[in-house]
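Here is a short briefing on a structure. Keep the sequence and the 3D view open as you read.

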Amino acid sequence: MHELPITQNILEIALRHAKAANASRIMSINIVIGELASIVDDSIQFYWDIISNDTIAEGAKLNFNRINAEFECKVCGERYKLQGNELVCPDCGSLKIDIVAGKEFFLESIDVE
Amino acid sequence: MTKRVPVVEKIMSANDRIASQNRAKLDNESIYSLNLMASPGGGKTSLIELTIKNLADRLRLAVIDGDVATSIDADRAASAGAVAVQINTGGECHLDAVMLQSALRQVELDEIDLLIVENVGNLICPASFKLGTHKNVLISSIPEGDDKPYKYPGMYRGVDALVINKIDLLPYVPFDMDYFRRGVEVLNPGLITFPLSCSTQEGLDSWISWVLQQTQSNRII
């Protein structure tokens with residue numbers, strides 16, 4: 001599990017942007033997590049409650065916007081989601097695919113007062 | 001009144017910044033570096049030992065070993081003839097750029113040509129943390145099974161080379177090489193692979209030549 005250092009990064013980014021915006025309190029933090037990013041949001045929440053103590057982000061709500069993995073076949077252009085184990089194109093069986101969604105992991109915005 | 005402040009910042013950016021500093025430091029000293037990742041028992045330390053033994057007369061090597069506890073792996077690298085530094089992560093399941101940064105301070109960098117970083121045995125977390133090394137290498141081993149690319153896509157997608165270790169066990173365990181390679185090809189098209197056995201040393205030569213060639217061409221640049 002590597003959610004502790006990740007949660008520390010989230011706090012650092014949020015505090016830096018809140019300061020730049022002259023905010024006195026961070027109400028919520030909006031995070032985008034792709035299905036392929038291997039991040040457990042429950043675990044981030046657990047660490048968050050501990051490390052945000054005594055900061056202007058204490059008690060802030062973490063909102064996780066989950067993005068499903070999506071692929072596009074480079075041969076026939078078919079767009080599809082994960083189906084079981086196989087990643088090959090369900091339409092033409094090609095192995096040449098692009099990952100068009102699911103790798104995201106970023107802090108999108110914060111809501112402040 | 002609540003207002004929304006747009007941020008759009010990668011959450012891993014702090015780590016990535018330190019990783020770039022590590023790379024700049026290595027480049028300054030003309031050191032080529034590899035980050036070796038695998039499951040526990042995949043053969044990282046064995047491959048490192050063989051790499052040291054085969055290259056020690058041509059390159060000056062250092063090994064930085066990441067483990068949750070003990071210095072067993074660093075001791076093995078030191079006995080094989082490399083400068084070795086152990087990082088005990090104290091429970092963390094991966095190395096990150098900051099850990100590598102502090103380990104680099106313990107190595108006389110101007111006396112080194114090739115640095116091998118042995119990451120913590122784990123197929124999930126190390127994939128998320130760039131270290132700043134030149135190439136990320138994954139060692140997969142036959143007994144782990146042919147479904148690993150499908151189960152750990154993040155790891156297979158992010159590497160620059162793949163060692164397929166323990167090929168001497170192919171006759172004894174069910175392992176469909178075509179199924180395995182198909183998974184790899186989808187995630188990482190054209191990935192360079194080195195099927196080998198650290199036990200019999202079959203296939204080892206092409207790995208050794210690749211490491212030597214990569215290190216030398218990095219030095220010339």
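The model is predicted. Chain A holds two helices and six strands. Its radius of gyration is 18 Å, well over the 13 Å that the globule rule gives for 113 residues, so chain A is more spread out than a compact globule.

**Chain A overall**

- Read from the N terminus, the elements of chain A follow the order α-β-α-β-β-β-β-β.
- The C-alpha trace of chain A spans about 55 × 30 × 15 Å along its principal axes.
- Of its 113 residues, 26% count as buried.
- Take the contacts in chain A between residues at least 6 apart in sequence: 72% of them join residues at least 24 apart.

**A sheet in chain A**

- Three strands of chain A form an open sheet in the order E4-E3-E5, and their pairing is antiparallel.
- Which strands stand at the edges? They are E4 (79-81) and E5 (97-101) of chain A. Each has a single partner strand, so one side of each is left without a neighbour in the sheet.
- Neighbouring strands of this sheet are turned by 35° against each other on average, direction ignored.
- Strands of a sheet pair through backbone hydrogen bonds, either parallel or antiparallel.
- Strand E3 (residues 70-73) of chain A is joined to E4(A) by three bridges, and the two run antiparallel.
- Glu72(A) stands opposite Arg79(A), which is in E4(A).

**Ile64 in chain B**

- Ile64(B) sits in strand E3 (residues 61-67) of chain B.
- Is Ile64(B) buried or exposed? It has 28 other C-beta atoms within 10 Å, and 20 or more count as buried, so Ile64(B) is buried.
- Beyond its neighbours within four places in sequence, Ile64(B) is in contact with Val85(B), Ile87(B), Leu100(B), Ala103(B), Leu115(B) and Val117(B).
- Ala74(B) is 10 residues from Ile64(B) along the chain, and their C-alpha atoms are separated by 7.3 Å.

**Two helices in chain B**

- Helix H1 (residues 13-28) and helix H4 (residues 97-104) of chain B have axes that come within 8 Å and cross at roughly 30°.
- Angles under 35 degrees count as roughly parallel, so H1(B) and H4(B) are roughly parallel to each other.
- Their crossing is left-handed.
- On the H1(B) side, the contact is made by Asn15(B), Ile18(B), Ala19(B), Gln21(B), Asn22(B) and Lys25(B).
- On the H4(B) side, the contact is made by Ala97(B), Val98(B), Leu100(B), Gln101(B) and Leu104(B).
- Leu100(B) is also one of the residues in contact with Ile64(B).

Technical notes: Residues are numbered from 1 along each chain as its sequence is written. Chains are lettered from A and ligands numbered from 1 in the order in which they are written. This is a predicted model: local features need pLDDT of at least 70, side-chain atom pairs count only at pLDDT 80 or more; totals for chains, interfaces and linings use all residues. Helices (H or I, at least four residues) and strands (E, at least two) are DSSP runs, numbered from the N terminus. The radius of gyration is taken over C-alpha atoms; the globule rule is 2.2 Å times the number of residues to the power 0.38. A residue is buried if 20 or more other C-beta atoms lie within 10 Å of its own, exposed if 12 or fewer, and partly exposed in between; C-beta atoms are placed from the backbone. Two residues are in contact if their C-beta atoms, placed from the backbone, lie within 7 Å. Two strands pair if DSSP finds at least two bridges between them. Axes are lines fitted to C-alpha atoms, for helices over the stretch in contact, and angles run from 0 to 180 degrees between N-to-C directions. Angles under 35 degrees count as roughly parallel, over 145 as roughly antiparallel, 65 to 115 as roughly perpendicular and the rest as oblique. A crossing is left-handed if the near helix is turned anticlockwise from the far one by less than a right angle, and right-handed if clockwise.
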